Amino acid sequence: MLRQKVITRQTVTRRILIIEDTPTIARVQKHIAQKVGYEADIAGSLAEAKKLVEEHSYFCSVVDFILPDAPKGEAIPFTIASDIPTIVMTGNLDETTRNIVEKHPIIDYITKENKQAYQYLEKQLARLPRNEQVQVLVVDDSAATRHHICNLLTRHKYQTIEAVDGVDALKVLAENPKISVIITDNEMPNMNGDELCVEIRRLYSNDEKAIIGISALDTLHLSTRFLKSGADDYLRKPFNNEEFYCRLSQNVDMLENIKTIRLQANTDYLTKLPNRRYFFGEANSHLKAAKLAENSVSLAMIDIDHFKSINDNYGHDAGDEVLKGLSQCMAKYFKNNLVGRFGGEEFAVYFADQDRHESLQRLEKFRLFVEKHSPEFSKDRIKFTLSIGFHNGPIYSLDELIKQADLKLYQAKESGRNKLIS
């Protein structure tokens, strides 16, 4: 059984080497790189590039094919030999140039034809740091094929994990839940690729993991069988490297877009806390389990005292700042619990697997902390307090649990505010 080659990387500023002898183009490339988040150095020749490489370590490079002292693409093998992932840009890509470029294990090549070329460059530069966090499982009984695909992936800075067949792949997936892409051959012992797809889809949805099927066989309807078994894409071996990267990037982009959409749908736009919709979904799921186990459950409703006067006296922008400051504090203080913004100045905390006394202690400490430190939450140093209503019991309807906690919150407000009532 083969296991992962996952590298833990420290957060560092990524440096890019731009080798380009036309100043205007070099400036555009530098602007794009800085926009994405890189520090950029420009070399106008291969000789200048060699000096810079002696002085710095580079995350990647963008290399012009024709340079004054390297007219036939000689800068490409230099950056490759220096272990710098390389994107080649060239004025035109005739057959001779293409043959030279494709001899080298580069990230990509781009022709300087139009504005679209520079938009594509920006996408590639943005993807490389992202790829460092993407784990890809390569499943193939051929060691040579696994090695080839892993090399292609490593070139684009993906993290790679290997499995020798479908049965092994399922074990690896169980051990590495962060795997997001599976590339699997079809013809393998123990379990074929299409059978593996069925098993993966039984455990994970298309929103969670992408599957790309590959096969050397020219069997009729094999691609259809893969797709119907749950794969997102299919490639026939031997595949073109460019197409491989394009298909892979599209699938990773798809997962990222779904993640973003889901986050936006479930997150309050102002405070970045889970919104009411997400809170209800998660709490109801836990309540079902709590009911089966006949466990008591706890919920707190939290309200900022006299919030209307904060908006009236300081303005709505200041009120928003208070809400954001309090939310950041809540997210840290109740990081092991479900927290949500219900709207306005009202928040809720659901306590899963925590006893009543411990939950009350936590809430009271939080109330006292806010009373003392609330001026630190906003630039206007606005002081405010919280009223909290808490309910615990064998109640498995979220609406009823909220109703009971709201009644306690009302009592806290009516009896003077800045207190916890349970």
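**A guided tour of salt bridges and nonpolar cores**

Begin by selecting E321 and K379, whose side chains form a salt bridge with an N to O distance of 3.3 Å. The model on display is a predicted one. This pair ties together distant parts of the chain: E321 belongs to helix α13, K379 lies in the loop between α14 and β14, and 58 residues separate them. K379 counts as exposed, because its relative accessibility is 68% and the cut-off for that class is over 50%.

The structure as a whole holds 26 salt bridges.

Which side chains meet that of K237 in a salt bridge? Another is D185, at 3.3 Å from N to O; D185 lies in strand β8 (residues 179-185), 52 residues from K237.

To see the contact, show L326, C329, M330 and Y333 on α13, together with R362, K365, F366, F369 and V370 on α14. By class, these residues comprise seven nonpolar and two charged, with no polar ones.

Centre the view on F366. Leaving aside residues up to four places away in sequence, F366 touches L326, C329, M330, Y333, F334 and L386.

Now widen the selection to the largest nonpolar core, which has 29 residues. The members that touch the most others are I304, L326, M330, F334, F366 and F384. At least two core residues come from each of β11 (297-304), α12 (307-314), α13 (316-333), β13 (346-351), α14 (356-373) and β14 (386-393). Helix α13 provides the largest share, seven residues.

Finally, select L46, I76, V88 and V101, which are among the 21 residues of another core, lying apart from the largest one. In soluble globular proteins, nonpolar side chains tend to be buried together.

Methods. Residues numbered from 1 in each chain as written. Predicted model: local features only at pLDDT ≥ 70, side-chain atom pairs only at ≥ 80, totals over all residues. Heavy atoms only, no water. Core = buried A, V, L, I, M, F, W, Y, C linked by side-chain atoms within 4.5 Å. Buried < 20%, exposed > 50% of the residue type's maximum accessible area, 1.4 Å probe, protein only. Helix = DSSP H or I, 4+ residues; strand = E, 2+ residues; numbered from the N terminus. Contact = heavy atoms within 4.5 Å. Nonpolar A, V, L, I, M, F, W, Y, C, P; charged D, E, K, R; others polar. Salt bridge = Lys/Arg side-chain N within 4 Å of Asp/Glu carboxyl O.
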